[in-house]
Amino acid sequence: MNSNPLPIATPGGDNGPLRPPTDYQSRSLRLNSIWRYGVNHLVTGLAVLSTVLVIVPLVAILAYLLYKGASSLNLDFFTHIPAPVGETGGGMANSIVGSAIVLALASSMGIPLGIAAGVYLAEYGQGKMLAMAVRFTADVLNGIPSIVMGIAAYSLIVIQQGHFSALSGGVALAIMMVPTITRTTEEMLMTVPHAIREAALGLGVPKWRTVISVSLRTASPGIITGCMLAFARVAGETAPLLFTAFGNQFWSFKLNEPIAALPLQIYVYAISPYDEWHRLAWAGALVLILMIMVSVTLVRIYAGRGALKGAS
Amino acid sequence: MGVGINVEHLNAWYGTNHTLQDINLNIPANHATALIGPSGCGKSTFVRCLNRMHETNPIARATGVVKMGEVDIYKDASPVDIRRRVGMVFQRPNPFPTMSIYDNVASGLKLNGFRNKAILDETVERSLKAAALWEEVKDELKKKSGASLSGGQQQRMCIARALAVDPEVLLMDEPASALDPVSTSKIEDLIFQLKSQYTIVIVTHNMQQAARVAENTGFFLNGKMVEFNSTDKIFTTPSDKRTEDYITGRFG
Amino acid sequence: MSLEREPEPSSSLTAPLTQTEATQLHAPAIANFVASAEPVAAEGPPSPIRQYLNGCSNGGFADKSFAALMLVCALSIFAIVLFILTILIVRSKLSLAQFGFGFFLHSGWDPVSGDFGALPFIFGTLATSLLALAMAVPLALGVAIFLSELCPARLRAPISFLTELLAAIPSVVYGLWAVFVLVPIMRDQLGPLLLKYLGWTGFFGGYNFGVGLLTASIILAIMILPIISSITRDIMQAVPTSQREAVLALGATHWEMIRTGVLRNARIGIVGAVILGLGRALGETMAVTMVIGNHPVISKSLFAPGYTLASVIANEFTEATGDLYLSALIEIGLALFLVTIVVNAIARALVWAVTRGAPSRVS
């Protein structure tokens with residue numbers, strides 16, 4: 001009975017892996033083999049097709065951005081605030097500066113908190129239940145929609161103060177940075193070989209000093225990478241800023257006033273009916289994406305070197 | 001200058017594993033003492049109890065009295081204090097990868113806040129000379145990273161690092177086991193020279209090494225110390241049959 | 001009393017001192033310096049180093065404080081999540097009291113008359129997310145299979161980098177592109193095409209302005225694709241090579257090896273990856289808001305405008321007049337919060353079960 005679906009070694013010589021066995025086999029076995037190899041090729045083709053279908057929108061988006069935005073990137077764009085409706089020209093300088101301010105605020109709160117939590121997980125919490133719970137909660141926090149963070153910051157700060165502010169926007173973004181930084185800090189600290197911690201402890205260096213001067217110092221390339229990743233991620237966030245930073249058509253440097261932010265401004269311009277603002281939106285999107293891509297690429301390069309550098 | 005170590009009724013556990021059972025021992029000052037025994041018999045654990053490194057493991061525990069001179073290291077002092085007086089050299093060299101050779105050797109001082117540059121320079125030079133590494137690295141002290149040296153050089157640098165803090169006791173856990181024969185013999189020469197200034201405790205798998213460098217030897221087996229005597233006596237006329245079996249190679 | 005030692009030739013060492021009581025500090029033997037003028041013990045002054053180290057604090061207090069500080073920072077993560085939950089509940093009390101649970105089953109949304117019901121948003125969120133999943137999962141699996149099993153080694157890094165780049169593009173940029181590129185395509189080319197060939201299904205009726213459920217689903221699919229694909233790749237790589245080899249040794253073709261040796265072992269994790277993608281889709285705000293039409297209706301046609309839970313908050317929060325309105329919106333936020341937490345927790349648990357707690361990439 002030739003119901004065995006597996007190909008048998010053919011004494012007539014090897015026909016190669018891609019061609020079904022020919023002579024000596026029964027017809028049904030041959031057909032079965034042709035079918036199986038056919039499916040194999042089909043799936044390979046589908047996999048390649050999927051990859052192409054995925055790359056195509058990426059390239060399309062980036063190319064279109066470049067096409068629509070590049071022409072508007074002039075000095076005016078980076079130095080002027082938006083012109084009144086109906087007038088041409090103007091720029092998004094206040095949004096770029098505003099984003100920088102809000103991100104600096106967010107980083108100053110989120111990075112130390114995230115690194116400290118990561119230090120706890122790696123250096124003090126090993127094996128403890130609490131550490132597992134913290135890790136799980138950090139993942140949960142990571143999955144919360146960013147707009148909910150905006151609601152939280154709104155309730156915490158905007159309602160108390162009675163107005164929108166850069167501070168509330170910074171807080172919303174800081175909360176979003178913490179889980180990413182915590183996890184990468186923990187991962188990087190775990191790559192530090194235990195032997196050098198022991199070397200420091202054996203010299204009579206107190207544990208806290210060991211953590212700072214040995215563990216953190218050795219893992220610092222990776223930790224910086226993690227911070228850059230978190231930074232790049234929140235740099236493009238709009239939803240949490242919608243009702244915290246709120247946006248501002250003019251220059252603003254105060255932390256207690258509404259402030260413009262690049263992604264926020266892009267959103268406002270994109271849904272507006274004015275062509276001039278659409279033009280600015282494209283340029284702003286191009287700037288934003290260039291900034292993010294540079295960070296992501298730097299991270300890729302740095303992490304490649306950093307991984308080798310930290311190990312010993 | 002070295003100091004003697006007196007151990008009484010030392011017991012140690014890793015979790016539920018009773019690694020050291022009632023060790024009693026007197027390590028004389030300014031001498032080298034070797035600890036031999038088969039793998040897993042507790043020699044490394046014992047040595048780590050002497051500078052309280054054993055307790056850095058969260059599931060580790062120790063009871064008993066260990067006295068360095070007059071100081072009960074578990075009751076009268078903090079672990080950090082003890083470790084500043086006892087230097088340790090590990091089985092595999094563990095230089096700090098982000099620091100230069102100079103910073104590595106000076107790390108015991110710099111990481112504890114010592115700032116006087118003149119004394120640091122002089123200490124680094126002195127320690128590297130004592131570790132017989134000075135001639136090889138003196139031109140690249142601050143340029144080369146500690147991790148870029150060869151294995152034998154790294155281990156000698158770790159010895160220099162341990163010496164730089166001016167310890168009274170030097171603990172060495174199989175310092176030459178990961179090294180080639182040339183480096184090994186250099187390190188044995190080193191121990192021979194250093195033992196008159198420090199109390200040295202060296203754990204070794206290599207009985208010939210123990211015979212070469214140590215005045216006294218202790219034989220550990222399954223967490224107990226079977227015999228402790230002068231090296232001559234242990235290797236020529238051991239009192240315990242188990243010691244004799246181990247030395248003549250019947251097991252281990 | 002000062003102690004001077006004759007410098008010896010470089011590599012040999014000075015003669016040892018006599019042994020003394022251990023508690024007294026001893027001068028180092030390899031010494032070359034003059035001790036300070038302070039009164040010292042009989043055997044010679046301690047070196048400056050020994051003096052310093054003996055006098056240095058042992059860091060006990062600093063150790064405890066530092067450890068406590070790190071613990072507090074780790075606990076703050078709990079605090080943040082608890083705070084968000086609490087504030088959402090507190091601020092939606094008004095709406096909860098007024099409408100009760102029926103809020104989520106009521107389909108009217110007319111802020112002017114005080115009629116609030118979340119059903120249209122639930123419908124919009126589910127419809128777009130599930131449709132997006134249906135489009136994204138096959139493609140993501142295909143990419144994952146390609147990258148982890150079929151791709152030539154040299155192309156692997158560039159292509160995986162490109163897919164990671166997709167994840168890095170901000171939502172608002174996707175939205176911008178969707179508004180000016182995807183919407184016209186949907187209105188002028190894709191829409192009529194779908195109507196022509198699939199109009200018989202009844203899902204493509206009504207006016208087609210380009211914005212609507214289908215457009216939103218498409219852009220959402222593009223956005224969740226990278227996360228599903230990258231986690232699937234992680235999971236596929238976590239399957240041990242021995243499994244693959246065992247199937248190959250039985251004479252399977254490459255695809256059969258992937259199917260039985262890898263995917264079958266990884267299927268729990270892949271389900272987890274898909275659910276993670278769902279979690280991401282549920283909470284996605286900006287791009288969806290820009291192309292879904294923002295109309296609180298439930299309709300059968302995919303061309304019709306819709307509204308999602310996240311979009312209504314984004315659109316109407318700053319214009320909410322009256323406490324009840326705001327409270328209703330925050331209640332929607334609470335629902336979104338709880339749903340995404342549950343979905344993400346399930347997903348992470350599934351992924352963890354397969355990769356056994358290896359740190360997963362946070363994207």
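Which domains does the domain assignment of chain A give? I found domain 1 (1-72) and domain 2 (75-310); such bounds come from an automatic or database domain assignment.

I noted that this is a predicted model, in which local features need pLDDT of at least 70, side-chain atom pairs count only at pLDDT 80 or more, and totals for chains, interfaces and linings use all residues. Residues are numbered from 1 along each chain as its sequence is written, and chains are lettered from A and ligands numbered from 1 in the order in which they are written.

**Entry: domains of chain A.** I looked up the contact between the two domains of chain A, which takes 6 residues from domain 1 and 8 residues from domain 2. Two residues are in contact if their C-beta atoms, placed from the backbone, lie within 7 Å. On the side of domain 1 that touches domain 2, I recorded 3 nonpolar, 2 polar and 1 charged residues. Ala, Val, Leu, Ile, Met, Phe, Trp, Tyr, Cys and Pro count as nonpolar, Asp, Glu, Lys and Arg as charged, and the others, Gly among them, as polar.

**Entry: chain A against chain C.** I found 76 residues of chain A in contact with 73 residues of chain C. On the chain A side, the largest share, 18 residues, comes from H1(A). Helices (H or I, at least four residues) and strands (E, at least two) are DSSP runs, numbered from the N terminus. By class, this side of chain A has 54 nonpolar, 14 polar and 8 charged residues.

**Entry: H9(A) and H6(C).** I looked up helix H9 (residues 262-270) of chain A and helix H6 (residues 171-198) of chain C, which pack at an angle of about 20° with their axes 10 Å apart. Axes are lines fitted to C-alpha atoms, for helices over the stretch in contact, and angles run from 0 to 180 degrees between N-to-C directions. That angle makes H9(A) roughly parallel to H6(C); angles under 35 degrees count as such, over 145 as roughly antiparallel, 65 to 115 as roughly perpendicular and the rest as oblique. Among the residues that meet, I noted Pro263(A) and Tyr267(A) in H9(A), and Val172(C) and Gly175(C) in H6(C). The contact divides into 7 nonpolar, 1 polar and no charged residues.

**Entry: H6(C) and H7(C).** I found that H6(C) packs with helix H7 (residues 213-238) of chain C at an angle of about 135°, with their axes 10 Å apart. The two helices are therefore oblique to each other. Their contact holds 10 nonpolar, 1 polar and no charged residues.

**Entry: chain B.** I counted 10 helices and 10 strands in chain B.
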